[in-house]
Amino acid sequence: MPRLFDPHNRQDAPAVGAVKQIRFLTADDYPPFEFTAPDGTLAGFNIDLARAICDELKASCTIQPRRWDNLLDAMSEGDGDALIASLRETPAARARLRFTASYYLTPARFMSLAGAGKLEVRPEALRDKTVGVEAGSAHEAFLKRFFAPATIRSFPNRAALLEALRAKKIDLAFGDAATFAIWMNDPRSRNCCVFQGGPFLEPDFFGPGVGIGVRPDEESLRQALNWALQQLDENGKLNELYLKYFPIGFY
């Protein structure tokens, strides 16, 4: 995973004991980021990261799940101190929360069937290829702007897009790399697919990445979380968690 923090731009360390407890809110239905394990405990990339943050800050830590559609309300009502649930920084989210620096990015990538061989991913090289994408998505807008030479087919949802790829109705699928990686890591994919070309990270289309949300009046907590995230980035723990949950990575 790429280094996300500039080593020359040091985050200020919080005073010892400044953060005694962090109540994290999350969801429990987005594996491998957060999910309920068979023994009933919370698990996942975000869950392990929250615990690692608390270890860095030497703070006690609680992690409580909420329904996805209730997370912002729960934060506003003071049910938690920090939200770690892969919530993107949309205008609606920024109106209610302040976010830390990103701890992972949300690139887009091309995906093909495993037997397709290595493809050159450039607009002119895809002139004779059919590329599928979800209709109305930022990924569709990106394709139409930068990969117009390809034949672009839009599908109503991700399931239809993946089915079209497996049925060889399209040569490539283009979409959220993390979602594609989750699919490829799932045994149900039967090792069907591989990434082609590198990640596309244009923030105007795919956002600035994912951070942890806090209430606007919790700036000191946000700064402490940024410090802890930088420590985890530098000591390799963040990359270790990424490899644990994404053996087929999305970068």
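1. A word on terms before we start: a residue is called buried when its relative accessible area is under 20%, exposed when that area is over 50%, and partly exposed in between, using a 1.4 Å probe and protein chains only. By that rule Lys20, at 64% relative accessibility, counts as exposed. Lys20 sits in the segment before strand E1, and, leaving out residues up to four places away in sequence, it touches Ala59 and Ser60, where a contact means heavy atoms within 4.5 Å. Lys20 and Pro247 are 227 residues apart in sequence, and their C-alpha atoms are 34 Å apart in space.

2. Please keep in mind that this is a predicted model, in which local features need pLDDT of at least 70 and side-chain atom pairs count only at pLDDT 80 or more, while totals for chains, interfaces and linings use all residues. Residues are numbered from 1 along each chain as its sequence is written, and side-chain values use heavy atoms, with hydrogens and water left out.

3. Now the overall build. The chain has 9 helices and 13 strands; these are DSSP runs numbered from the N terminus, with helices (H or I) of at least four residues and strands (E) of at least two. For 251 residues a compact globule would have a radius of gyration near 18 Å, and the chain agrees with its 19 Å; the radius is taken over C-alpha atoms, and the globule rule is 2.2 Å times the number of residues to the power 0.38. Along the principal axes, the C-alpha atoms fill a box of roughly 60 × 45 × 35 Å.

4. Of the 251 residues, 49% count as buried. Among contacts between residues at least 6 apart in sequence, 72% join residues at least 24 apart.

5. Five strands form an open sheet with mixed pairing, in the order E5-E1-E6-E13-E7. Its edge strands, E5 (60-65) and E7 (98-99), each pair on one side only. Two strands are said to pair if DSSP finds at least two bridges between them.

6. Follow the neighbours across this sheet. Strand E1 (residues 21-26) runs parallel to E5 over 6 bridges, with Arg23 opposite Thr62 in E5. E1 is also joined to strand E6 (residues 82-83) by 2 bridges, again in parallel, and here Leu25 stands opposite Leu83. By contrast, E7 and strand E13 (residues 213-214) pair in the antiparallel sense over 2 bridges, where Phe99 has Gly213 as its bridge partner.

7. Some backbone details deserve a look. Most residues other than glycine have a negative phi, and most peptide bonds are trans. Pro31 and Pro32 are joined by a cis peptide bond, with omega about 0 degrees; Pro32 lies in the loop between strand E2 (29-30) and strand E3 (34-36).

8. Lys58 has a positive phi of about 55 degrees although it is not a glycine. It is placed in the loop between helix H1 (45-57) and E5 and, at 75% relative accessibility, counts as exposed. Arg190 also has a positive phi, near 55 degrees; this residue is in the loop between helix H6 (177-185) and strand E12 (193-200), and its 62% relative accessibility makes it exposed.

9. Finally, where is Glu77? Glu77 lies in the loop between helix H2 (71-76) and E6, and counts as exposed at 59% relative accessibility. Glu77 and Arg122 are 45 residues apart in sequence and 48 Å apart in space, C-alpha to C-alpha.
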